[in-house]
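Visitor: I am new to reading protein surfaces. Please take me through one.
Guide: Gladly. Here it is.

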Amino acid sequence: MTEPIINAQGVVKTYRSRDVEVNALRNVDFVVQRGEMVAVMGPSGSGKTTLLNCVSGLDAIDSGDIQINSQSLLGMTDNELSDYRARFMGFVFQSFNLLPVLSARENVELPLVLAGVGSSKARSVALEKLDQVGLADRADHTPAELSGGQAQRVAIARALANEPAIVWADEPTGNLDSENSNDIMNLLIRMNKELGQTFVIVTHGDEVGELADRIVGMRDGEIESERAGKNAGGTAAK
Amino acid sequence: MREFFGRDMEMLATVLAILLIISLGTVLFLAFRNRILVKLALRNIPRRPAQTILIVVGLMLSTTIISASLAIGDTVAISIRSAVLDALGNTDIRIRTTTAAVGGDGSITDDTYLQPEQIQTVLDTTAGNSNIDGVLPQVREILPVLDNRTQLTEARMNVVGFDAARTDGFGPITTIDGQQTAVSDLAAGEVFLNESAADEIEAQAGDSLTLVSPSGRHDFTLRAVVREGGLAANDDRLIMSLSDMQRIMGREGQVNRIDVSLLGGREGPADLSEEVADDLRILFTDDAVADQLFQTLSDPAVISAIEQRIADNPGNTISPSRKTDLEEYVSLLKSGSSESERFRLLTLNQAVSGQVIAAVESAGLSDLVLPITFMYFQASTLFIDELKQSGLEAAELFGNLFTTFFSIFGSFSIIVGLLLIFLVFVMLAAERAAEMGIARAVGTKRRHLVQMFTFEGVAYSVGAAIIGTIVGIIASGGLVALLVNAIGAADDGFEFKFSLTATSLIAGFSLGLLLTLATVAVSAYRVSKLNIVVAIRGLPPEFIPSETVPLKQRFQNIGKALISPLWLLFVLLTDRVEDKHRGGTIRAFFRSFLIIPIFWRIILSIWQMFSPYLNTGLPQLVLGGLGVAATVISDRTDTDNFFHTSFFFSMSASLFLVGVGQVFRHQIRNRGYRQEVADRVGFTLMGGLLLVLWLLPFNALNWLTGELGGGIEMFIISGVWMVASAVWVVMYNADLIAKAAQGTFGRITTLRPILKPAIAYPTSSRFRTGLTVAMFALVIFTMMVFSILNNLGTNILDSPDQATGGFEVRAETSQELPISDITTAIDAAPGLNRADFPVIASSAVVFAEARQEGAEELRFLSVPVVGVDDSYLRNARFEMSHYDPSYLPAGIDTDDEVAVSRAIWDRLLADPTLAIVSNSLLEQSAGGFNLGPSGFEVEGIAQNDDEEIEAFQISIRQPLGLGGTAERTVIAATTAFAGQYEAEDGDAVRAITMNATVFDEISDWPVPFTTHRFQLADGVDPGRITAQMETAFLDNSLLATDMIDEIQDSLDQNNAFTRLFQAFMGLGLVVGVTALGVLSFRAVVERRVSIGMMRAIGYKSRMIQVQFLLESVFVTVLGTALGLGLGAYLSWNLVKDLRDSFDGLNYSIPWLSVAVIVIIAIVASLLTTLIPARQASRIYPSEALRYE
């Protein structure tokens, strides 16, 4: 068994607001293999988004350790973390989070430009990615001119633009109807298979989760169950 | 009467206060009815303290600027007023001989002294008048004084001899030790000095003083130094007994003025002045002359001549009030008698007599002209001067001028301030969009939202108006302190003292608050038009589909709105009956405030009726076109015609162009192009056309419209239009700028990821960014125009000869003690070396009258005539702005201004019948201020005409035709710089200059030279030599001036004033910067999630911060660049217009000031953005994303 790409051990995260303490994560161990597609599921407030935020380095943790590619995130400064995210990670959010003032292509270009890719190269890569998600003809539209499903595809194209090792998706289908949800999930699965990237998807939709290699169930800040999804035996290295 | 833009201040303050009370009353009433809404509204205020502070700062600025300009006006008015009162004390009216009245102090045509029998008549006639509490005969002359102990001299001391027995009613004299004293305490040979005079020569009580009078040197002892004010006035003054004064002047029994004090002391009841003065005027009318005049004028030929003149009204010299006077005069001549008071008063009215003489002259009754002129002259035996009244009126006038000046320039900042208020509320609305959308969804009515918003706005506004007024007062206090610094030590007893009247305070507060409230109401209305779905989902407002109410419903709305007043009436009436027992009247009173929303509703329904058609552009096109046509066909000679003003024409033309743009936009849209394309083409076309219209040189369209009337308001209006249309064009084409910026800076790898969003954000929200850019552009625009215009004058030191004529020193002696031959006198004077003065030139001024041949104005009007000696003509280097080329030698290079001017002076030297006029005697260019006295003016040549003119003839004579008449040919006009800095007698700035031989023709007495100009040898220090000259010529009361020093002083004052003004304009910059702060704070809130996302995909926190700063810089730089460009262009236009009258005006951009302005603008906006930018950069990605 090769070294896991994500190896989080004993993660504890507590939110404090005034007098109330919320134990969002209580001593969670979370391991993902390279190329695996993992769905994190659970009811509202079970800590799935917190898990994603903490493990991806968007949020600090109270104790425990997180290693990505055998490198601990704990010692990194904010700037190092930003760089690290820019190079190795892609994000897809429930509400797409495209910059409304930029066109679809420009949105996809952002991470490329951030990584210092030249403008013409960035442009061609962005168009290529939009083509992969089936939106080559919408490259010059602004987010407001796209439907929800289209916007989410642009977000996926953006997340994949840098060919990151890990793609984090937080409720990627939460704002979509079932047909669009299926399309998006199929797209993610296709990407996962074609490119061999690791996907961590937070969702509470059963049909969505079932499409993953592995399903991690959460409740009250703890991992309650783990089982293989319908897609098991796909690309994940065993 | 204090005025604000031509409106009576007290009236204005009252009206504004009432309006304010009504508006606030309405709001209070609504608040009372909907207390829950008030609670909801007010709870927002403490939620974000930083934002609340910014809002209050933004709202207060308009009030601050208004209050500051009113306070500055008050300060000027009250300072002048107190200077007038200090100078006059209890004196209200001054009685002088009539000649002194006509010629002013410079007159030499007749004796200015009253004879003993005249004095007695005055004392007798005034004795019975119960309004008069004092009559004081006196002699005042300007004489040199030497303190024998300190050996210091004052060349120009006001020496006054008072009749010791008659000082009652004029207040006490107090020594500096606080002792009461009186003129009667002076023994023979004793004098008082007031404090400022004593300071000049460092005199102490007991000093021996030497006075020089025409009869020689006289020694006096200083009895005491006395406090200023009252009889001791506030100039440099020496007081002695009347008998001593008469003795040293050789005027036994005579006085040259009699002061009259009315009841009420120093501040005296103003309304008495005219009444008493008229009484005196009638009393001092010569019965025989009045009767003779009446007989002559009642000749039917004369009467019809006057009637003809009233009907013709040549050159519009007869104003409506004069017309009434003249008509009354005619009817008195037809039916009245010479004894009627009205006839006498009108006879003494110089406007009436001038018109009568002109009427007689133009009717060809030439043998009657001189007799009538003489009778008018002799009709009044004494001149009654309402000194205090006119002084106080002048104080008001200057105060009004300052207020107007500061408000006009301040109005840019006020407009900017109002834009900011609007922006603030649009921002607030955006912030609450979701909240309000939900409120609407659960059934809140639109008007409740408007009310809620208004309540919150009113709360902010009232607080801001209070703070704004206070800050305005503090700011104006600071500005006045700067002004005092600028003007330097108090000259002539004048001092700026900070003052503020309650009227101004109320007017400033009310106007500021009303403007704020109005803007709040408009913003609230705009805010309430939100689409519920859009608001809840947080979509960009561009996606609100514009809802067009069906025609039928629009008609119904108008109907309902018109009926609502009746409903109100009904409610009021029924309410009264029902609520009789529960304070119903009070409720009814408050309910009557509902008239405002009802009125508003009517206007709104009418607007809604027509607004859908505005999109097609046709109404604007038609209305604007009609307006332009109205101007073109309107009567060009009628100066009061509103259709023929610049304002009306340019507004119509603009409306027309707006229509053109709209039509294009509408048509493009109808052809099926995307809205975006249609907007871009239509609005770019509209903005571009408007920009071209407003950028045209001022007279560019005169071929179409003729010369249009217009005033200073056009400056504000054209500035606003220019900036607005430029911003319009830029905002609809911002993507081009974005591309250019990216092309330029995009190569820097670290900037690239930031640059794109930093430009995309501001360019995508046109409204906000456009407003902010416009704010910056307007402020920078004004500052730029002002800097450039101010820079014009400072170039004079590069070629000072234009102002000094090449004479470094200018010296004046008094009329009574002239130096008959200055060259010989310098040779003889101890301590002066003739070799130091290689060129000496002399001149004299006589206050004469002139008439231009062939002009519409037939009257002789007063003008100073300067007669100069040959040396002056040989050496003067004043330059010409206009000249008749036929008087130039053949082959002269007309581009060489120095050579042309020299050639003109040489012609005057060769031919004494030639003359030169001052530039300021030429016609004013259109739109200019004319504050000068009404006197002689050249017709047919304007200051901004071409250099080449045709010579014309003038006749010159002494006032009222005394002495002979001289004919002269005017061949040139000097530039406006000539004589501009000769502070001592500013009259020479508006004079006719010629060979002194003219005095032989027009004066029966020899006229001595009283002004001498000197060129100095190399290495002679002008400062030292002027001091030596004053000492050497003490007996002639000589005052010598170092001209370069004088110009420098004047420029320094000017510069100080400019800095003061720029500080005032800086308030506007504060508005712009605050706007940026508001925008940035808002952006942080609005873009929280986006920022979180950007951080998630790898943007470092520093990059976010830089991105925010870049956005501000982008807006600032855009606004600043527009303002600089437009300001530079408008000033260039102005300078081109002015250049014709001020030869050698250089258009140059003061780069240093520009750099300072730009740097301040950018640094200030960076600083305001820094806090929100740091806030943005600190957003933790997971935190931000949680808001999803």
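Visitor: What percentage of the residues in chain B are buried?
Guide: Buried means under 20% relative accessible area, exposed over 50%, and partly exposed in between (1.4 Å probe, protein chains only). In chain B, buried residues make up 53% of the 1188 residues. A word on sources: this is a predicted model, where local features need pLDDT of at least 70, side-chain atom pairs count only at pLDDT 80 or more, and totals for chains, interfaces and linings use all residues. Residues are numbered from 1 along each chain as its sequence is written, chains are lettered from A and ligands numbered from 1 in the order written, and side-chain values use heavy atoms, leaving out hydrogens and water.

Visitor: How many helices and strands are in chain B?
Guide: Both are DSSP runs, numbered from the N terminus: helices (H or I, at least four residues) and strands (E, at least two). Chain B has 41 helices and 23 strands.

Visitor: Which residues form the nonpolar patch on the surface?
Guide: Nonpolar side chains (Val, Leu, Ile, Met, Phe, Trp, Tyr) are joined within 5 Å. Here the patch is Leu551(B), Phe555(B), Ile606(B), Phe610(B) and Tyr613(B). H22(B) gives the most, with three residues.

Visitor: Is Leu551(B) buried or partly exposed?
Guide: Leu551(B) has a relative accessible area of 39%, so it is partly exposed. Its place is in helix H20 of chain B.

Definitions and conventions. Patches are made of residues with over 30% relative accessible area and no salt bridge: like charges are joined within 9 Å, nonpolar side chains (Val, Leu, Ile, Met, Phe, Trp, Tyr) within 5 Å. Accessible areas come from the Shrake-Rupley method with a 1.4 Å probe; for residues, only the protein chains shown count as cover. A salt bridge is a side-chain nitrogen of Lys or Arg within 4 Å of a carboxyl oxygen of Asp or Glu.
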